[in-house]
Amino acid sequence: MVHAGPEGCAGARTLANSNWQISYAGTPAHAAVMPLRGVNAADAMTVAQVAIGLHRQQM
């Protein structure tokens with residue numbers, strides 16, 4: 001994620017800065033055999049990113 005600024009601020013430090021280590025794991029499945037057993041990690045990451053963005057707008 002990035003924040004726009006009026007000047008280059010690559011080394012700037014802010015009070016709202018924290019680090020998170022998050023990993024997503026999926027389970028493969030074939031669409032013709034058992035598609036319901038699959039877990040798409042990319043979908044989970046997308047849902048989390050959208051939820052964080054919506055939460056940020058409400059704060």
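This report looks at one helix and a surface patch in a predicted model.

The model is predicted, so local features need pLDDT of at least 70 and side-chain atom pairs count only at pLDDT 80 or more, while totals for chains, interfaces and linings use all residues. Residues are numbered from 1 along each chain as its sequence is written, and side-chain values use heavy atoms, leaving out hydrogens and water.

Let's start with the whole chain. Its secondary structure comes to 1 helix and 0 strands; helices (H or I, at least four residues) and strands (E, at least two) are DSSP runs, numbered from the N terminus. Of the 59 residues, 2% count as buried, where buried means under 20% relative accessible area, exposed over 50%, and partly exposed in between (1.4 Å probe, protein chains only).

Now for helix H1. The 18 residues of H1 should span 26 Å at 1.5 Å a residue, and the end C-alpha atoms are 26 Å apart, which agrees; the expected span is 1.5 Å times one less than the number of residues.

Next comes the patch. Trp20, Ile22, Tyr24 and Met45 form a nonpolar patch on the surface, with about 500 Å² of accessible area together. Such patches join nonpolar side chains (Val, Leu, Ile, Met, Phe, Trp, Tyr) within 5 Å, and like charges within 9 Å, using residues with over 30% relative accessible area and no salt bridge. A salt bridge is a side-chain nitrogen of Lys or Arg within 4 Å of a carboxyl oxygen of Asp or Glu. Accessible areas come from the Shrake-Rupley method with a 1.4 Å probe; for residues, only the protein chains shown count as cover.

| Residue | Relative accessibility | Place |
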